[in-house]
Amino acid sequence: MKRVVEELSKEFNLDIVETELIVSALLNKPRFELYLNDNIDQRLAEILRLRLIQLKNGVPIEYITKQVQFLKYNLRIYPGVFIPRLETEYFVELIAGLVDFKPMRICEIGTGSGAIAIAIADFFSETEIIATDICALAIKNAQENISMLNLTKRIKLLRTNLFTSFSYGIFDLIVCNPPYIPTERINYLPKSVRDFEPRKAIDGGFAGTEFIKKIIEQAPAYLQKKRFGIALEIDEDGVDRLDVYLKDKFVRYFFHKDLFGRMRYLFIGDFHSNGI
């Protein structure tokens, strides 16, 4: 393996440490284990080389390894399904810390790999969750992760566009990481996102608020009247536009910063605005 790492390092102009980290990720084993067994067949060496070529061409490493870490979960990720980010990990933690009541029924829109629904099921251990997505591949991906974690009794999947043909009753909380990047900014995103992740999961329309507004308009028909919550990820540039839009619709709502100090989240309804 030492010879393979050295050859890959030289070919792709990487230092040894970088190469070791990438190879350990591709092989899904700790870096310190790379040299425990120096017997490596040529086929595996060629596979590693091809995967490094993919990385060089912008393919996300998650699509190559078909794995993504989300909070404490090592989840399966299918190429073509949106890759959950660090900001979304914090989003889920905020929901758990800020919600001002005990939600018994939660709907997650646009579940992708199922990461949010799975993490929410851990934070709210008695909650029933309906997770939806318009994409058949995403539903299949989420189903694999949910089954792997023995959560099929608590998380039900539904392929639908927003609330179209929706007959799953009333919820306490609706959660979504929607497409929120303004269309004009899509071409300026990193190649790994722009060329490989699903456009439907990132393109939020002209101002980046198209999908968000649809959720806000439709959600009240599926929420409890007295105590409810809507939690959404947003783009920082859309805050002022959304603030104006919300003023005549809800009394209680606020925006919250992410770990990098950017306004990233919108909470509507019964949440602690001065929480974590």
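By class, ten nonpolar, two polar and nine charged residues line the second largest pocket of this predicted model. Here Ala, Val, Leu, Ile, Met, Phe, Trp, Tyr, Cys and Pro count as nonpolar, Asp, Glu, Lys and Arg as charged, and the others, Gly among them, as polar. Residues are numbered from 1 along each chain as its sequence is written. Because the model is predicted, local features need pLDDT of at least 70 and side-chain atom pairs count only at pLDDT 80 or more, while totals for chains, interfaces and linings use all residues; side-chain values use heavy atoms, without hydrogens and water.

**Pockets**

- A pocket is an open set of points on a 1 Å grid over the protein atoms alone, where a 1.4 Å probe fits, with protein on both sides within 12 Å along at least five of seven lines; lining residues have an atom within 4 Å of a point.
- The second largest pocket holds about 400 Å³ of space, a volume being the space filled by probe spheres set on the points, which are joined across faces, edges and corners.
- Of its 21 lining residues, R85, E87, Y180, I181 and R264 lie nearest the centre of the second largest pocket.
- Two or more lining residues come from each of α5 (86-98) and β9 (263-269); helices (H or I, at least four residues) and strands (E, at least two) are DSSP runs, numbered from the N terminus.
- β3 (105-109), α6 (115-123), β4 (128-133) and α9 (210-218) each give two or more residues to the lining of the largest pocket, and α9 gives the most, with four.
- The lining of the largest pocket divides into 17 nonpolar, 14 polar and six charged residues.

**Salt bridges**

- The whole structure has 16 salt bridges, each a side-chain nitrogen of Lys or Arg within 4 Å of a carboxyl oxygen of Asp or Glu.
- One of them joins E144 and R76 at 3.7 Å, N to O. E144 lies in helix α7 and R76 in strand β2, so this pair ties together parts that are 68 residues apart in sequence.
- R185 and D235 meet at 2.9 Å, N to O. R185 sits in the loop between β6 and α8 and D235 in the loop between β7 (229-233) and α10 (239-246), so parts 50 residues apart in sequence are tied together.
- D235 is buried, at 9% relative accessibility (buried means under 20% relative accessible area, exposed over 50%, partly exposed in between, with a 1.4 Å probe and protein chains only), whereas R185 is partly exposed at 27%.
- E87, D258, R262 and R264 are linked in a network of salt bridges.

**Loops worth a look**

- F260, in the loop between β8 (253-257) and β9, is exposed at 52% relative accessibility.
- N177, in the loop between β6 (173-176) and α8 (191-194), is buried at 15%. N177 and L232 are 55 residues apart in sequence and 5.7 Å apart in space, C-alpha to C-alpha.
- L71, in the loop between β1 (67-70) and β2 (73-76), has a positive phi near 55° in a residue other than glycine.
- N150 is not a glycine either, yet its phi is positive, about 55°. N150 lies in the loop between α7 (136-148) and β5 (155-159) and is exposed, with a relative accessible area of 67%.
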